[in-house]
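Thanks for coming. I will go through one model this morning, starting with a term and then moving from single residues to the whole chain.

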Amino acid sequence: MSRFPEGFLWGGATSANQIEGAWDVGGKGPSVPDMCTDGTKEHPKRITTSIEPETLYPTHEAIDYYHRFEEDIALFAEMGFKVYRMSINWTRLFPTGEEEVPMESGLEFYDRVFACCRAHNIEPMVTLSHYEMPYHLVEKYNGWAGRELIDLFFRYATCLLDRYHESVRYWLTFNEINTAVNRLGCVMQVGCAKGYEGPINEVPDRPQERFQALHHQFVASARVVAYGHEHYPGLQFGNMVSMAVMYPLTCNPADVLLAQRRTRNSSWFCSDVQVRGTYPSYARSLFAERGVELVLEPGDEEALRAGTVDFFSLSYYMSFCVTADTGAARAKGNFAVGAVNPYLKTSEWGWQIDPDGLRYALNEIWGRYQIPIWVVENGLGAVDKVEPDGSIHDAYRIEYLRAHIEAMAGAIEDGVDLRGFTPWAPIDLVSASTGEMRKRYGFVYVDKHDDGTGTLARSRKDSFYWYQRVIATNGEELG
């Protein structure tokens, strides 16, 4: 008997802004990522208010999936994908986000993408907003701080549901919505960066507007889910959170309480709202701690209750240790926070590798909510070497994913209802966190480099053939 249930959906995940390119083709408007320069793990990428002619903006070409999607989806099918998690580029349909009707050219592009998926028997899972907000809405409304975005997003989202409800069964509203709980979510998640130019990690942080913006996203998500349930009852809607397990560094009760509080605030806060339909009891202390006085309009609470999600989805890359000891050694690397865990290895970008943390997280999610779960991002960013014969021996990526798939199998044995796995990312793409190409995740190598050069040719890594065997055996052969 397989350790994974019959019908388990294996696949991979990407986002439009990190792969499509063609950033201004067909009247497409600039999104927030299109205004972000390249960067490294040592030097954060910048956001600019206008395009600097001599500066590299990695998403402008990305890996040119816009012109090559048929080749890429064929490669996914060759691996045996059952599902492909992708996103829609909001500004390819509504260039500023304020248009009354979408551009038909944008809709026709996604018509072709979904037709290609169907031709290969791949089920699309669509993220409505994966860090792809129109930059115009940042300039005019300070992003989601403006309540106007609720209606604008609803128009965009329901346009997609009306058009694609027969092509797409699984929908996610906001990617990693809980990044807005912390400062790093200001730019990419809620767009509260009106008029700001500079490193994305130095944007002025105003928790009041950030949490108000997050509330607007909760309401928008709930309204879209309720619309989908009413008009297309066969569709399934999920939330999506960045799940980072937080362990107390020691058995000091101060560390245990700190880990509990940070886990609630970072991991559970958003999902409690989207799964349960109401703000959790500890929101009061969270808001007091951040100096936030949330403004709710009439009907907001009813909307949250009416628009709860059907399944829980998560990204999982690493775990953290937290401690009240200010002298403890700190983890290093972008997005790596907390104290060093002496039992774990780290990636080249300083992310602590913890497969057991995924099993722990899945059990905690299932115990808390008891709704179906998807792992929709998990993978290893690493520097790959192309051998003289063109081969790429990425045993380190295989080792990482093997261990995490074993952890998922363990969670299923524990009783968790896990439905699918879409690792990040099946093909090399622009890193969201740093803007690099050298931080590669894919099973498919793309000849594209940090300076923007490269032929864009695709080639298969060792992990391509390994994952092909994993899917063909439903996770039995992890070799």
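Buried, as I use it, means under 20% relative accessible area, exposed means over 50%, and partly exposed is in between, with a 1.4 Å probe and protein chains only. By that cut-off Cys-192 is buried, because its relative accessible area is 1%.

Before going on, the model is predicted: local features need pLDDT of at least 70, side-chain atom pairs count only at pLDDT 80 or more, and totals for chains, interfaces and linings use all residues. Residues are numbered from 1 along each chain as its sequence is written, and side-chain values use heavy atoms, with hydrogens and water left out.

Back to Cys-192. This residue sits in the loop between helix H7 (185-188) and strand S6 (198-199); helices (H or I, at least four residues) and strands (E, at least two) are DSSP runs, numbered from the N terminus. What does Cys-192 contact, leaving aside neighbours within four places in sequence? The partners are Asn-142, Ala-145, Cys-186, Val-203, Glu-209, Arg-210 and Ala-213, where contact means heavy atoms within 4.5 Å.

Thr-37 is another loop residue, between helix H1 (16-19) and strand S2 (46-47). Thr-37 also counts as buried, at 3% relative accessibility. Beyond four places in sequence, Thr-37 touches residues including Lys-45, Arg-46, Tyr-57 and Pro-58.

Now the core. A nonpolar core here is a set of buried Ala, Val, Leu, Ile, Met, Phe, Trp, Tyr and Cys residues joined through side-chain atoms within 4.5 Å. The largest one has 152 residues, and Trp-144, Phe-269 and Leu-314 touch the most other members. Helix H6 (residues 148-164) supplies the largest share of this core, 11 residues. Apart from it there is another core of nine residues, among them Val-83, Met-125, Met-240 and Val-376. In soluble globular proteins, nonpolar side chains tend to be buried together.

Trp-144 has contacts beyond four places in sequence that include Trp-90, Met-133, Phe-153, Phe-174, His-216 and Ala-220.

Finally, the whole chain. The protein has 14 helices and 16 strands. Its radius of gyration is 21 Å, close to the 23 Å that the globule rule gives for 479 residues, so the protein is as compact as a globular protein of that length. That radius is taken over C-alpha atoms, and the rule is 2.2 Å times the number of residues to the power 0.38. Buried residues make up 60% of the 479.
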